[in-house]
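Subject: Structure for you to look at

Hello,

Here is the structure I said I would pass on. My notes follow below it.

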Amino acid sequence: MKVVKFGGSSLANSAQVSKVVNIIKADDQRRFVVVSAPGKRFDGDIKVTDLLIQYAKATLNDEPSETITGQIIARYEEIATAFKIPQAAFEQIKNTILNLPHLDYQDDAYLMAAFKAHGEKMNAVLIAQVLKAAGVNAKFLDPKDAGLVVTDSPDDAEIIPSSYERISEWADSKLVRVIPGFFGYNDQGQICTFSRGGSDITGAIIARGVHAKRYENFTDVDAIYAANPQVVHHPIAIHNMTFREMRELSYAGFSVFHDEALIPAIQGDIQVVVKNTNHPSERGTSITSHKRVNPAYPVSGIASSPNFCGIYIRKYMLDKKRFSQKILKLLAEYDLSYEHMPSGIDDLTVIMRQDQLTPELEDTLIRELVIALRPDEIHISHNYALLMVVGEGMANRTGIMSKATDALARQNVKLIMVNQGASEISMMFGIKQDEAKVAIKALYDTFFPDL
């Protein structure tokens with residue numbers, strides 16, 4: 001039995017939904033269908049979720065919302081009309097959307113969560129009707145009825161582990177169950193959403209709960225690639241990768257699959273397959289606990305993530321234990337996280353995502369560090385990128401680091417930081433952000449020659 005999830009681009013309009021219907025009908029093992037809200041139909045279009053955010057803000061500010069609700073309803077109506085959904089069924093969707101401002105919410109954050117979640121919820125109701133019209137024995141399943149209970153955090157919820165037992169009760173369902181992604185319910189019955197893109201998380205939760213053998217995640221790419229296709233011309237597809245590789249690459253910018261969604265799949269040891277709704281016969285990318293490594297290609301993927309900064313601190317006779325404790329305490333006071341803290345005998349650098357810092361907070365943080373540490377030198381450098389080289393075949397192999405640094409040196413890419421050891425299947429380099437594309441191309445040509 002399989003759980004399948006379709007992203008917003010796969011459900012953007014009736015033409016795309018037709019492809020989804022054909023995919024579900026092509027395999028009777030696809031019995032649990034998780035759907036996102038309708039996404040963009042073309043460049044410059046707006047996602048239904050973003051329209052619902054506008055709707056929520058208008059409601060909170062007592063502003064007119066007729067134009068926004070008209071746009072939202074029109075998106076669902078186009079699909080309903082194409083599949084000849086009965087008017088009474090569509091009126092239920094329309095009235096639910098219009099009634100959102102009149103429901104009871106614990107506070108404004110819960111209102112926003114409920115508005116956002118209804119993009120998925122109404123689409124699941126609609127897709128269940130579409131499948132029935134196409135001859136599929138399908139039925140909408142609300143996350144509340146499924147047993148999907150989450151923590152009491154309106155916009156960053158997590159699954160409560162006891163939910164899996166309740167979800168497992170649906171495993172023997174003979175119907176195709178259509179479930180909205182992105183949200184669950186807290187113990188008080190209020191909607192709480194996962195982080196943005198959380199429909200992937202719902203799919204993995206359902207897959208683990210019903211003990212699925214396979215979780216298929218349909219999106220708009222044929223596979224996950226060894227490098228960003230916008231940087232490297234026609235990079236090779238990664239047809240098989242491990243959960244560890246995917247986690248490492250997600251950290252450095254791979255965004256095809258929500259990295260948090262891997263956790264339920266890892267816990268349930270469920271095969272995850274990323275496929276393309278537009279080309280469903282393509283092989284896609286299979287993500288599993290283990291894979292057979294090709295010795296000729298120890299590296300599986302290369303990725304880069306921008307917008308990091310580094311706070312350099314130097315003090316002679318540095319007491320690293322006391323220094324580190326003070327730094328971490330100060331970061332916690334300002335709710336800041338760090339990514340790495342490489343150190344030498346008399347200095348260290350705190351590398352962190354720079355979007356956490358406003359100019360005012362940056363000045364305050366440096367001032368507080370000066371007071372707490374009394375350094376001989378302190379300064380902050382911006383616009384770093386972290387560059388990752390990842391592959392299960394790198395473990396216990398010699399010469400990988402040498403090949404990587406030689407490739408970067410030939411392109412005059414300056415290394416600000418090198419980190420190998422946190423994971424035996426990855427290497428990390430800190431570089432200048434404006435050199436990231438050159439660096440990725442250099443590494444790709446080195447580890448994937450003639451491909």
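Is Tyr297 buried, partly exposed or exposed? Tyr297 is partly exposed, since its relative accessible area is 29%. Please bear in mind that this is a predicted model.

The strands of an open, eight-stranded sheet follow the order 3-4-2-1-7-11-12-10, and the pairing is mixed. Strand 3 (138–140) and strand 10 (240–242) are the edge strands, each pairing on one side only. From one strand to the next, the twist averages 20°.

Strand 7 (residues 214–219) and strand 11 (residues 271–276) run parallel and are joined by six bridges. Within this pairing, Asn217 has Val274 of strand 11 as its bridge partner.

Two helices on the sheet are worth noting. Helix 9 (residues 243–251) packs on the sheet and touches strand 10, strand 11 and strand 12 (285–288). The direction of helix 9 makes about 80° with that of strand 10. Helix 5 (residues 108–133) lies across strand 2 (30–35), strand 3 and strand 4 (176–180). Relative to strand 4, helix 5 runs at about 160°.

Aromatic pairs

Searching the whole structure gives six aromatic pairs. I describe two of them here.

In the pair of Tyr55 and Phe115, the ring centres are 4.9 Å apart and the planes stand at 70°, so this pair is edge-to-face. Tyr55 belongs to helix 2 (residues 48–60) and Phe115 to helix 5, so that the pair links distant parts of the chain, 60 residues apart. Both residues are buried: Tyr55 has a relative accessible area of 1%, and Phe115 has a relative accessibility of 0%. Tyr55 and Phe115 also form one aromatic cluster with Tyr105.

The pair of Tyr297 and Phe448 has its ring centres 6.3 Å apart and its planes at 10°, so it is stacked. Tyr297 is in the loop between strand 12 and strand 13 (301–314), while Phe448 is in the segment after helix 14 (436–447), so the pair ties together parts 151 residues apart in sequence. Phe448 is buried, at 3% relative accessible area, whereas Tyr297 is partly exposed, as said above.

Charges over rings

Two arginines lie over tyrosine faces. Arg208 is over the face of Tyr164, 3.9 Å from the ring centre. Arg353 is over the face of Tyr251, 5.6 Å from the ring centre.

Regards

Note on methods. Residues numbered from 1 in each chain as written. Predicted model: local features only at pLDDT ≥ 70, side-chain atom pairs only at ≥ 80, totals over all residues. Heavy atoms only, no water. Pairing = 2+ DSSP bridges. Helix = DSSP H or I, 4+ residues; strand = E, 2+ residues; numbered from the N terminus. Axes fitted to C-alpha atoms, helices over the stretch in contact; angles between N-to-C directions. Contact = heavy atoms within 4.5 Å. Phe/Tyr/Trp six-rings, centres within 6.5 Å; stacked < 30°, edge-to-face > 60°. Buried < 20%, exposed > 50% of the residue type's maximum accessible area, 1.4 Å probe, protein only. Lys NZ or Arg CZ within 6 Å of the ring centre and 35° of its normal.
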